Amino acid sequence: LKAGLPLDRALEIIIHLSQHEPTRELVSQVREDVRGGATLHAAMEARQGVFSRLYLNMVRAGESSGALGTVMNRLTEFMERSKELKETVKSALIYPTILVGVAVISVMVLLIYVVPQFSQMFAQSGQALPVPTQVVIAAGDFLRSYWWAMLAAAVLLYWFMNRQMANPASRYRWDQRFLGLPLIGSLLARIEVARFSRTLGTLLANGVTLLSAMSIVRETLTNSFMAERLDGVIAQLREGRGLGRPLLEAGVFPGLAVHMVMVGEETGRLQEMLIQTADVFDGEVQRAVKRMLALLEPAMILGLGLVIGGII
């Protein structure tokens with residue numbers, strides 16, 4: 001589009017370049033609607049459940065302002081930064097997950113296969129065993145006899161948590177508890193603030209009104225407790241109280257983010273300050289994840305060593 005190609009020609013190139021059949025089909029449908037006289041926004045909206053409200057509103061704003069190419073470029077940058085933040089958190093969880101898995105398997109192998117060989121030898125000796133040894137042997141016997149019960153308990157726990165998260169009232173309570181956890185709660189709040197700031201700043205930069213942008217941003221937050229607090233902020237915004245003061249009164253957004261929003265409102269550079277806030281909190285999230293990993297890795301290795309050493 002920025003090179004001056006018409007929209008239907010640009011869509012045709014995307015169809016030829018795509019190696020993913022469902023994507024080709026999707027873009028083909030959008031192109032046919034555009035050739036039939038529909039706007040790009042309307043053609044995308046007709047593909048229900050594919051494009052988010054954020055995406056659709058930015059495309060509509062780009063079409064209204066005649067700067068669709070620029071808006072699509074900003075949308076690309078926004079999605080790449082959002083994905084980068086998500087991948088940072090996801091990648092950080094890979095190593096601890098593998099380490100926990102190895103730890104559990106190692107302990108189970110020791111208790112199920114190694115300990116019974118010694119327990120037979122102890123039984124033949126006829127000697128009284130120390131309490132720690134009795135505990136280890138009993139744990140091995142329990143695992144061999146009731147492994148199915150532990151597996152069933154894990155499945156039930158997974159099912160229970162899924163049901164809890166699917167229920168709005170239960171999810172609200174869990175999300176509130178998660179925010180109150182030491183270290184993890186602060187990290188979750190920073191992730192949500194980074195997402196909130198970048199989404200709102202990007203929408204405002206593309207001509208979406210503040211009220212409409214806030215209702216879209218609310219849907220992008222994954223923590224229902226923080227999203228519910230935004231309802232009160234939106235209500236006060238409608239009454240003309242601005243954005244910064246209601247955010248401060250909500251009590252769940254970090255002080256730095258709130259004051260940067262206030263500065264943006266006072267100077268008339270709200271969208272710029274929101275993007276800057278997002279950059280700051282993206283950096284904080286990455287640093288916090290690295291710090292947590294630096295502490296978690298040796299702690300888990302030490303814990304695994306103590307458990308196996310204790311069994312031995």
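Glu-272 has a relative accessibility of 41%, so it counts as partly exposed. Its salt-bridge partner is Arg-269, with the closest N and O atoms 2.9 Å apart. Arg-269 is partly exposed too, with a relative accessible area of 44%. This is a predicted model.

**Salt bridges**

- A search of the whole structure finds 19 salt bridges.
- Some salt bridges share partners, and these join Arg-81, Glu-84, Arg-198, Asp-279 and Asp-282 into one network.
- Another salt bridge links Asp-141 and Arg-144, whose closest N and O atoms are 2.3 Å apart.
- Both Asp-141 and Arg-144 lie in helix H6, three residues apart, which is about one turn of the helix.
- Asp-141 has 33% relative accessibility, so it counts as partly exposed.
- Arg-144 has 34% relative accessibility, so it also counts as partly exposed.
- The side chains of Arg-195 and Glu-192 meet in a salt bridge, at 2.8 Å from N to O.
- Arg-195 and Glu-192 are three residues apart in helix H8 (residues 184–205), so about one helical turn separates them.
- Glu-192 is buried, because its relative accessible area is 3% and the cut-off for buried is under 20%.
- Arg-195 is partly exposed, because its relative accessibility is 22%.

- The structure holds six aromatic pairs.
- In one of them, the rings of Phe-142 and Tyr-146 have their centres 5.3 Å apart.
- The planes of these two rings, Phe-142 and Tyr-146, stand at 35°, so the pair is tilted.
- Tilted is the label because 35° falls between the cut-offs: under 30 degrees counts as stacked, and over 60 as edge-to-face.
- Phe-142 and Tyr-146 both lie in helix H6 (residues 131–166).
- Phe-142 and Tyr-146 are four residues apart, about one turn of the helix.
- Phe-142 counts as partly exposed, at 42% relative accessibility.
- Tyr-146 counts as partly exposed, at 41% relative accessibility.
- Ring pairs also bring in Trp-148, linking Phe-142, Tyr-146 and Trp-148 into a cluster.

- The rings of Trp-174 and Phe-178 have their centres 5.9 Å apart.
- The planes of Trp-174 and Phe-178 are at 35°, so this pair is tilted.
- Both Trp-174 and Phe-178 lie in helix H7 (residues 168–180), four residues apart, about one turn of the helix.
- Trp-174 is partly exposed, with 21% relative accessibility.
- Phe-178 is partly exposed, with 26% relative accessibility.
- Trp-174 has a further contact: the charged end of Arg-177 sits over its ring, 4.9 Å from the ring centre.

**Helix H5 and its end**

- Helix H5 covers residues 68–125, which makes 58 residues.
- At 1.5 Å a residue, H5 should span 86 Å.
- H5 has a kink of about 40° at Val-115.
- The kink at Val-115 comes shortly before the proline Pro-116.
- Just after H5, Gly-126 takes a positive phi of about 75°.

Notes
Residues numbered from 1 in each chain as written. Predicted model: local features only at pLDDT ≥ 70, side-chain atom pairs only at ≥ 80, totals over all residues. Heavy atoms only, no water. Phe/Tyr/Trp six-rings, centres within 6.5 Å; stacked < 30°, edge-to-face > 60°. Helix = DSSP H or I, 4+ residues; strand = E, 2+ residues; numbered from the N terminus. Buried < 20%, exposed > 50% of the residue type's maximum accessible area, 1.4 Å probe, protein only. Lys NZ or Arg CZ within 6 Å of the ring centre and 35° of its normal. Expected span 1.5 Å × (residues − 1). Bend = angle between axes of the 7 residues up to and from the residue. Salt bridge = Lys/Arg side-chain N within 4 Å of Asp/Glu carboxyl O.
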